[in-house]
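Please look over the sequence and the structure shown below before reading on. The report that follows moves from the whole chain to its parts and then to single residues.

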Amino acid sequence: MGLWMPGAQMEAVLRHGEASYPHECCGLLLGHPAADARAPRRVVEAHAMRNANAASPRNRFDFDPKEHLAAQRQARERGLEVIGFYHSHPDHPARPSQYDLDHAAWPGYSYLIVSIMEGRAASGEAAARSFELAEDRSHFIQETVETSGVETESA
Ligand SMILES: [Zn+2]
């Protein structure tokens, strides 16, 4: 398994993380599920969401339930599905925290994490990693992230 993402969408996630610093940003990955066991999930759009966690937004995020439902509905109307979720780790590496594991509900989705250090996206491989939740939810499995500057989705 893995995640395929247009370069411009990855850029958008990194910029969202920078703009939200020192708070966590969060959003949905909209696109198409894996066609088969070897194919990657394909992102069409990274959909930015508001971090609705008022108590501890520097190291927690929550989706606003109404915004979440509206985004899911809009995605369906465009023939897209929610295939994953993204959030940022301000001044922490792009690796899931115990909190992330405790709050990740769904195997079969991508959990993309970006690292924003002192307000700037980390460079290279350290900037973004994606994970899949194991079926028994006991741990995350890192998956490959492929980005491309070429938009191959057809409308
Ligand atoms: Zn996290």
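How many helices and how many strands are there in the protein chain? There are three helices and eight strands, where helices (H or I, at least four residues) and strands (E, at least two) are DSSP runs, numbered from the N terminus. The model is a predicted one, in which local features need pLDDT of at least 70 and side-chain atom pairs count only at pLDDT 80 or more, while totals for chains, interfaces and linings use all residues. Residues are numbered from 1 along each chain as its sequence is written.

**The whole chain**

Read from the N terminus on, the elements of the protein chain follow the order β-α-β-β-α-β-α-β-β-β-β. The C-alpha trace of the protein chain spans about 40 × 35 × 30 Å along its principal axes. The radius of gyration, taken over C-alpha atoms, can be set against a globule rule of 2.2 Å times the number of residues to the power 0.38. Because a compact globule of 155 residues would have a radius of gyration near 15 Å, the 14 Å of the protein chain agrees with that expectation.

Buried residues make up 37% of the 155 residues in the protein chain; a residue is buried if 20 or more other C-beta atoms lie within 10 Å of its own, exposed if 12 or fewer, and partly exposed in between, with C-beta atoms placed from the backbone. Two residues are in contact, or touch, if their C-beta atoms, placed from the backbone, lie within 7 Å. Among contacts in the protein chain between residues at least 6 apart in sequence, 66% join residues at least 24 apart.

**Strand pairing and the first helix**

Two strands are said to pair if DSSP finds at least two bridges between them. Strand β1 pairs with β8 (residues 140-148) in the parallel sense over five bridges, and the bridge partner of P6 in β8 is S148. Strand β1 also pairs with β3 in the parallel sense, over two bridges, and here W4 stands opposite R42 in β3.

Helix α1 has 14 residues and reaches 20 Å from its first C-alpha to its last, which is close to the 20 Å expected at 1.5 Å a residue, the expected span being 1.5 Å times one less than the number of residues. Which residues of α1 are buried? They are Q9, M10, V13, L14, H16, G17 and S20. Seen down the axis of α1, these buried residues fall within an arc of 155°, so they line one face of the helix; the arc is that of the directions from the helix axis to the C-beta atoms.

**The nonpolar core**

A nonpolar core is a set of buried Ala, Val, Leu, Ile, Met, Phe, Trp, Tyr and Cys residues joined through C-beta atoms within 7 Å. The largest such core has 33 residues, of which L29, Y86, L112 and V114 touch the most other members. The elements that give two or more residues to this core are β1, α1, β2, β3, β4, β5 and β7, and the largest share, five residues, comes from β5. Leaving aside residues up to four places away in sequence, V114 touches a set of residues that includes V13, L14 and G17, as well as Y86 and A128.

**Single residues**

| Residue | C-beta neighbours within 10 Å | Class |
|---|---|---|
| A48 | 18 | partly exposed |
| D91 | 14 | partly exposed |
| A104 | 18 | partly exposed |

A48 has its place in strand β3 (residues 41-49), and, not counting residues up to four places away in sequence, A48 touches H16 and G27. A104 is found in the loop between α3 and β5, where, with the same exclusion of residues up to four places away, A104 touches Y111 and L133.

Some backbone details are found in loops. D91, in the loop between β4 and α3, has a positive phi of about 60° although D91 is not a glycine. E118, in the loop between β5 and β6, likewise has a positive phi, near 50°, in a residue other than glycine. Finally, a cis peptide bond with an omega of about 5° joins Y21 and P22, and P22 is found in the loop between α1 and β2.
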